[in-house]
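These are my notebook entries on one protein chain. I set down what I looked up, topic by topic.

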Amino acid sequence: MGKLQSKFRKRSELYRASQGDKGENTFDSQVVQYEPAHQGSINTVTNLTPELCVSGGADQAVVVYDWKQGRMCQSFQGHNREVTKVVCYPGSTWIFSASRDKTVLMWDLNQGDEPIQEFCGHELVVNGVAISPDGRKLCTGSRDNWMCLWDIESAKCEQRQNVSRNLVTHVCWVPDSSNVVQTSEDKTIRVWDSRAWQVTNTFPSKQYIQTHCDVSPNGNYLVSSSNGFGGQGCEATLWDLRQPGCKVVEYRGHLQTTACCMFLPLPPGGTAQVATSSHDGSLKIWDQNTAACLATMSLDGAGPLVSLVPCDCSSLLCASFNSGLHHIQVGQGSNQAQGSSASGLDLKVVARF
């Protein structure tokens with residue numbers, strides 16, 4: 001144990017964070033550096049438990065990491081090309097990883113270091129993977145235009161549907177529902193009924209490729225993000241799933257592709273919030289309903305910030321191309337940034353791994 005602990009020696013570095021959307025206040029903070037989870041860029045991160053996260057990247061590994069203790073718990077090796085997405089089934093030790101090798105692998109943290117199931121059938125990179133609320137079905141989507149529905153126990157593909165130009169970028173299952181939502185390079189968002197495996201709704205096309213989506217815990221809202229450049233596109237959009245295609249608000253402020261968008265846990269006594277991360281190296285938190293930017297953090301030198309996940313009301317994990325995973329602390333703003341919301345937030349990087 002002593003050797004393991006010594007392996008994860010800490011060293012301090014400096015970061016700058018900014019508060020609010022305008023007149024950003026910057027401050028230096030000590031950042032704890034843990035043993036890196038990956039070699040090279042990280043494409044995706046999610047939660048397995050309140051203490052454990054799972055990530056995948058260019059090194060083809062699927063890594064389980066205790067972000068609170070700063071130690072690697074498991075590194076799964078099975079893909080032969082980079083990992084694009086990871087998802088976990090809540091309350092279990094199941095992990096699913098999608099890859100450019102055209103497969104999805106299933107892992108169990110309690111069953112060794114080999115995959116316990118393999119889902120093969122796509123012809124191009126798999127970018128979308130989602131688990132049904134009952135844990136029995138798996139949905140996958142690929143750049144090959146196919147959306148597939150699998151039985152998890154048998155790894156049998158039960159339903160397949162090809163939609164022309166539907167180069168899938170992300171998939172998520174609507175909580176407590178039979179519906180699946182997916183984004184696509186054809187700038188379209190589609191809603192699928194998993195029982196008939198048919199598209200039931202197609203949202204009005206956006207101007208730019210839709211990169212990512214997330215569904216609110218109550219299943220009422222969807223947030224999607226767009227690619228873009230020079231501030232054109234680069235937004236996230238809130239949609240009302242009860243009125244498919246009904247746009248509620250847009251979150252604008254990123255200068256390059258908005259790669260990830262997530263609903264945040266409702267803070268005690270607070271308002272609903274959405275977080276976004278971008279290729280411009282910044283992370284933003286927004287008031288879900290008014291689209292006011294509550295906080296902005298720029299991670300200098302981190303490169304594109306391609307994935308993020310909330311851990312609780314006060315912690316986020318953010319994946320970057322150049323500098324690994326970042327544990328970001330979210331707190332109420334102590335100093336009001338000029339021009340920012342009265343409910344501005346402080347963002348602070350406390351660890352990196």
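**Entry 1: Ground rules.** I noted that this is a predicted model, in which local features need pLDDT of at least 70 and side-chain atom pairs count only at pLDDT 80 or more, while totals for chains, interfaces and linings use all residues. Residues are numbered from 1 along each chain as its sequence is written, and side-chain values use heavy atoms, with hydrogens and water left out.

**Entry 2: The whole chain.** I looked up the secondary structure and found one helix and 32 strands. Both are DSSP runs numbered from the N terminus, a helix being H or I with at least four residues and a strand being E with at least two. Of the 353 residues, 57% are buried. I recorded the cut-offs: buried means under 20% relative accessible area, exposed means over 50%, and partly exposed lies in between, with a 1.4 Å probe and protein chains only. The accessible surface is about 14,700 Å², and carbon and sulfur atoms hold 45% of it. Such areas come from the Shrake-Rupley method with a 1.4 Å probe; for residues, only the protein chains shown count as cover.

**Entry 3: The cores.** Which residues have the most contacts inside the largest nonpolar core? I found L283, I285, L308, L316, I328 and L347, in a core of 21 residues. The elements that give two or more residues to this core are β25 (258-263), β27 (282-287), β28 (293-298), β29 (305-312), β30 (315-320), β31 (325-332) and β32 (345-352). Another core, of 16 residues, lies apart from it and includes A61, V63, V309 and A319. A nonpolar core here is a set of buried Ala, Val, Leu, Ile, Met, Phe, Trp, Tyr and Cys residues joined through side-chain atoms within 4.5 Å. In soluble globular proteins, nonpolar side chains tend to be buried together.

Entry 4: I next examined the second largest pocket, which holds about 250 Å³ of space. A pocket is an open set of points on a 1 Å grid over the protein atoms alone, where a 1.4 Å probe fits, with protein on both sides within 12 Å along at least five of seven lines; lining residues have an atom within 4 Å of a point. The volume is the space filled by probe spheres set on the points, which are joined across faces, edges and corners. Of the 20 lining residues, P267, Q273, C313, Q332 and L345 are the closest to the centre of this pocket. β29, β30 and β31 each give two or more residues to the lining, and β31 gives the most, with three.

**Entry 5: C313.** Where is C313 placed? I located C313 in the loop between β29 and β30. C313 counts as partly exposed because its relative accessibility is 38%. Not counting residues up to four places away in sequence, C313 touches P265, L266, P267, P268 and V330, contact meaning heavy atoms within 4.5 Å. C313 and V330 are 17 residues apart in sequence, and their C-alpha atoms are 7.5 Å apart.

**Entry 6: Two positive phi values.** Q60, which is not glycine, has a positive phi near 70 degrees. I found Q60 in the loop between β4 (52-57) and β5 (61-66). A291, also not glycine, has a positive phi near 70 degrees and belongs to the loop between β27 and β28. Are these residues buried or exposed? Q60 is partly exposed at 29% relative accessibility, whereas A291 is buried at 17%.
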